[in-house]
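Please read the following briefing alongside the sequence and the coordinates. The notes are grouped by topic.

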Amino acid sequence: MQLVWHERPMRDQRARVMAWTCPCRMTSCELCRLGGQSHIRRILNTDDGEVIHETYQWSYRKTDEVWKALLEGDVV
């Protein structure tokens with residue numbers, strides 16, 4: 001499965017982070033919840049600072065399935 005990443009909209013700043021991967025790596029991810037839906041946030045650490053992208057918003061169940069696949073290496 002390949003995810004579609006979008007530039008992070010400003011309205012999602014208050015999303016609750018439920019799970020995350022290690023921020024010490026060049027690329028880390030966060031499982032976020034906001035308003036009854038979820039999405040995944042990808043953070044790329046570069047020399048110029050952080051570059052943040054997010055997936056579409058899905059139901060909790062769908063996002064949890066995608067999160068699990070991401071952690072298992074089945075999602076890019």
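Which residue in strand 5 does His-6 stand opposite? His-6 stands opposite Glu-54 in strand 5. This is a predicted model, in which local features need pLDDT of at least 70 and side-chain atom pairs count only at pLDDT 80 or more, while totals for chains, interfaces and linings use all residues. Residues are numbered from 1 along each chain as its sequence is written, and side-chain values use heavy atoms, with hydrogens and water left out.

**Strand pairing**

- Strand 1 (residues 6-7) pairs with strand 5 (residues 49-54) in the antiparallel sense over 2 bridges, where strands are DSSP runs of E with at least two residues and helices are runs of H or I with at least four, both numbered from the N terminus, and where two strands pair if DSSP finds at least two bridges between them.
- Strand 4 and strand 5 run antiparallel and are joined by 6 bridges, and the two form a hairpin with 2 residues between them.
- Leu-44 stands opposite Val-51 in strand 5.

**Helix 1 and its packing**

- Helix 1 (residues 60-71) has 12 residues and reaches 16 Å from its first C-alpha to its last, close to the 16 Å expected at 1.5 Å a residue, the expected span being 1.5 Å times one less than the number of residues.
- Thr-63, Val-66, Trp-67, Ala-69 and Leu-70 are buried in helix 1, buried meaning under 20% relative accessible area, exposed over 50% and partly exposed in between, with a 1.4 Å probe and protein chains only.
- Viewed down the axis of helix 1, its buried residues fall within an arc of 165°, so they line one face of the helix; the arc is that of the directions from the helix axis to the C-beta atoms.
- These buried residues pack against strand 2 (16-20), strand 3 and strand 4 (37-46), whereas the face turned away from the buried side carries the exposed residues Arg-61, Lys-68 and Leu-71.
- Gly-73, whose phi is positive, near 85°, follows helix 1.

**Glu-30 in strand 3**

- Glu-30 is placed in strand 3 (residues 27-34), and Glu-30 counts as buried because its relative accessibility is 18%.
- With its neighbours within four places in sequence left aside, Glu-30 is in contact with residues including Val-17, His-39, Arg-41 and Trp-67, contact meaning heavy atoms within 4.5 Å.

**A charge over a ring**

- Arg-33 lies over the face of Tyr-60, at 4.1 Å from the ring centre; a charge sits over a ring if NZ of Lys or CZ of Arg is within 6 Å of the ring centre and within 35 degrees of the ring normal.
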